[in-house]
Amino acid sequence: MRLRTWQSGVPIRVFVLPDDAPLHGIFAKKKLNVFPYQLRLAWDRLVYSGTGQAPLVVYSEEEMRTKIATTPGSIGYLSEIKIDGSVQVVHINE
């Protein structure tokens with residue numbers, strides 16, 4: 001959450017769905033091992049302390065895919081069915 005650029009120097013742009021989106025809850029719980037509200041509290045703490053950036057909220061998986069595909073240095077999450085050739089997949093071990 002504090003990392004601002006990739007090793008290449010490209011700024012990192014984090015995209016997330018709203019806190020109440022079902023996929024956001026699944027991602028937070030299964031992949032990050034936190035509840036969505038805990039993730040929000042961590043982001044808010046970093047933003048208000050000036051040590052981190054808030055993620056950019058998108059309102060659908062289609063918008064998420066488009067933003068990830070067209071924004072250099074971006075990262076986000078999609079359900080498997082929404083993944084196509086426009087995005088690169090990074091697998092997270094459980």
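## Basis and terms

Buried here means under 20% relative accessible area, exposed means over 50%, and partly exposed covers the range in between (1.4 Å probe, protein chains only). Helices (H or I, at least four residues) and strands (E, at least two) are DSSP runs, numbered from the N terminus.

This is a predicted model, in which local features need pLDDT of at least 70 and side-chain atom pairs count only at pLDDT 80 or more, while totals for chains, interfaces and linings use all residues. Residues are numbered from 1 along each chain as its sequence is written, and side-chain values use heavy atoms, with hydrogens and water left out.

## Helix α3

Helix α3 covers residues 61-70, and E61, M64 and I68 are buried in it. These residues span an arc of only 50° around the axis, which places them on the same side of α3; the arc is taken from the directions from the helix axis to the C-beta atoms. The buried residues of α3 pack against β1 (13-16), α1 (22-31) and β3 (74-75), where contact means heavy atoms within 4.5 Å.

## Helix α1

In α1 the buried residues are L23, H24, G25, F27 and A28. They pack against β1, α2 and α3.

## Helix α2

Helix α2 (residues 36-49) has 14 residues, which at 1.5 Å a residue should span 20 Å, and its end C-alpha atoms are 20 Å apart, in agreement. The expected span is 1.5 Å times one less than the number of residues in the helix. P36, L39, A42, W43 and L46 are the buried residues of α2. Viewed down the axis of α2, they fall within an arc of 125°, so they line one face of the helix. Their packing partners are β1 and α1.

The face of α2 turned away from the buried side carries the exposed residues Y37, R45 and Y48. Y37 has a relative accessibility of 52% and therefore counts as exposed. The C-alpha atoms of Y37 and D19 are separated by 7.3 Å, with the two residues 18 apart along the chain. Just after α2, G50 takes a positive phi of about 80°.

## Salt bridges

The whole structure contains four salt bridges, each defined as a side-chain nitrogen of Lys or Arg within 4 Å of a carboxyl oxygen of Asp or Glu. One of them joins R40 and D44, with the closest N and O atoms 3.9 Å apart. R40 and D44 are four residues apart in helix α2, and are thus separated by about one helical turn. R40 is partly exposed at 21% relative accessibility, and D44 is partly exposed at 25%.

K82 and E62 form a salt bridge through their side chains (2.5 Å, N to O). K82 is in the segment after β3 and E62 is in helix α3, so this pair ties together parts that are 20 residues apart in sequence. K82 has a relative accessible area of 24% and is partly exposed; E62, at 35% relative accessibility, is also partly exposed. R65 forms a salt bridge with D84, the closest N and O atoms lying 3.4 Å apart. R65 belongs to helix α3 and D84 to the segment after β3, so the pair ties together parts 19 residues apart in sequence. D84 counts as partly exposed at 34% relative accessibility. Salt bridges with shared partners join D19, R40 and D44 into one network.

## Loop residue G73

G73 is found in the loop between α3 and β3, and at 19% relative accessibility G73 counts as buried. G73 and R13 are 60 residues apart in sequence, yet their C-alpha atoms are 6.0 Å apart in space. Leaving out residues up to four places away in sequence, G73 touches W6, V10, P11, I12 and R13.

## Nonpolar surface patch

W6, V14 and I75 form a nonpolar patch on the surface, with about 210 Å² of accessible area together. Patches are made of residues with over 30% relative accessible area and no salt bridge; like charges are joined within 9 Å and nonpolar side chains (Val, Leu, Ile, Met, Phe, Trp, Tyr) within 5 Å. Accessible areas come from the Shrake-Rupley method with a 1.4 Å probe, and for residues only the protein chains shown count as cover. W6 lies in the segment before β1 and is partly exposed, with a relative accessible area of 33%.
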